[in-house]
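Q: I would like to learn how to read a protein model, feature by feature. Please start with a single side chain and build up from there.

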Amino acid sequence: MVLDIIMNVDEFLRRYAAAERNFPEIDLSSVDLQEANLVNLNLTRANLSYSDLREARLGKANLSKANLVQANLSETILWGADLTEANLYQAQLREADLTGAKLFKASLKQAQLMKACLSGCDLRNVNLFQAILFEANFRPNHNQQTDLSYAILAEADLSYANFSGAILHQANLEKAKLCHSIFGVSGLGLLSSEQSYHTNLSEVNLKGADLSYADLSGANLCNADLRGADLTRTILTDANLNGVIMPDGSIHD
């Protein structure tokens with residue numbers, strides 16, 4: 001069915017209630033969809049910028065390449081959603097559930113993700129520049145590790161975040177705030193299926209990062225760059241520091 005690009009929100013909800021699920025490129029900018037139940041939707045390239053989606057249910061929705069600029073998705077359920085290459089610039093995602101979501105190459109610059117659940121997400125090449133991820137959860141989801149390989153996290157606030165078991169190979173965390181963050185196996189809890197996962201920080205850029213009081217026990221930091229980083233009371237027990245450039249510029253043997 002060919003859709004009108006611009007659609008009244010009431011018409012959209014009426015069609016959804018009538019079992020229609022394909023709404024590619026629909027324009028729903030600046031609409032109120034609070035607490036809406038919209039699972040398994042196709043919203044590819046949809047315009048949802050500035051919309052209010054607080055506490056909505058968007059599980060398994062296809063939001064690839066969607067425009068979610070400054071949208072409010074706080075406490076929204078987005079488990080298993082496809083947000084590949086979506087634009088979430090300055091979006092509000094406080095306490096959102098993104099478990100198992102695909103965010104490959106998504107833009108989350110300056111987004112607010114306090115206490116968000118990103119467990120088991122595909123965050124490869126994601127842009128989280130200056131995003132706020134205070135107390136965010138990046139732990140594995142069952143047998144799926146959270147993958148932040150090549151992600152841009154420069155100047156992001158990741159204080160108290162849990163990265164236990166995550167993959168951060170060649171991620172850019174320059175000048176990020178990581179105080180009290182957990183990268184060590186202690187953050188995996190008692191789930192036996194997760195015990196074999198060690199946080200992968202190989203070749204990561206941590207120049208000028210604040211790692212004070214962070215737990216990096218057992219993490220793989222091979223060839224990471226820690227020049228100028230703050231390691232005040234950082235826990236590095238059993239961490240792999242082979243080839244690491246230390247805060248003073250020396251290379252760890």
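Q: Is Phe-23 buried or exposed?

A: Phe-23 is buried, as its relative accessible area is 0%. Buried means under 20% relative accessible area and exposed over 50%, with partly exposed in between (1.4 Å probe, protein chains only). Keep in mind that this is a predicted model: local features need pLDDT of at least 70 and side-chain atom pairs pLDDT 80 or more, while totals for chains, interfaces and linings use all residues. Residues are numbered from 1 along each chain as its sequence is written, and side-chain values use heavy atoms, without hydrogens and water.

Q: How many aromatic pairs does a search of the whole structure find?

A: Rings of Phe, Tyr and Trp (its six-membered ring) pair if their centres lie within 6.5 Å; planes under 30 degrees apart are stacked, over 60 edge-to-face, and the rest tilted. Here the search finds four such pairs. A helix is a DSSP run (H or I, at least four residues), numbered from the N terminus. Phe-12 counts as buried too, at 0% relative accessibility.

Another pair, Phe-138 with Phe-163, is stacked: 4.5 Å centre to centre and 5° between the planes. Its partners are 25 residues apart, both in the segment after H1. Phe-138 is buried at 0%, and Phe-163 is buried at 0% as well. Together with Phe-183, these two residues make one aromatic cluster.

Q: Which residue lies over the face of Tyr-16?

A: A charge sits over a ring if NZ of Lys or CZ of Arg is within 6 Å of the ring centre and within 35 degrees of the ring normal. For Tyr-16 that residue is Arg-21, at 3.8 Å from the ring centre.

Q: Which residues of H1 are buried?

A: In H1 they are Val-9, Phe-12, Arg-15 and Tyr-16. Seen down the axis, the buried residues of H1 fall within an arc of 125° (from the directions of axis to C-beta atoms), so they line one face of the helix. Asp-10 and Ala-17, on the other side of H1, are exposed.

Q: What caps the N-terminal end of H1?

A: Asn-8 does: one of its side-chain oxygens lies 2.7 Å from the backbone nitrogen of Asp-10. Just after H1, Ala-19 takes a positive phi of about 80°.

Definitions and conventions:
Helices (H or I, at least four residues) and strands (E, at least two) are DSSP runs, numbered from the N terminus. A polar contact is a pair of N or O atoms within 3.5 Å; within protein, one must be able to donate a hydrogen and the other to accept it, and residues adjacent in sequence count only if both atoms are side-chain atoms.
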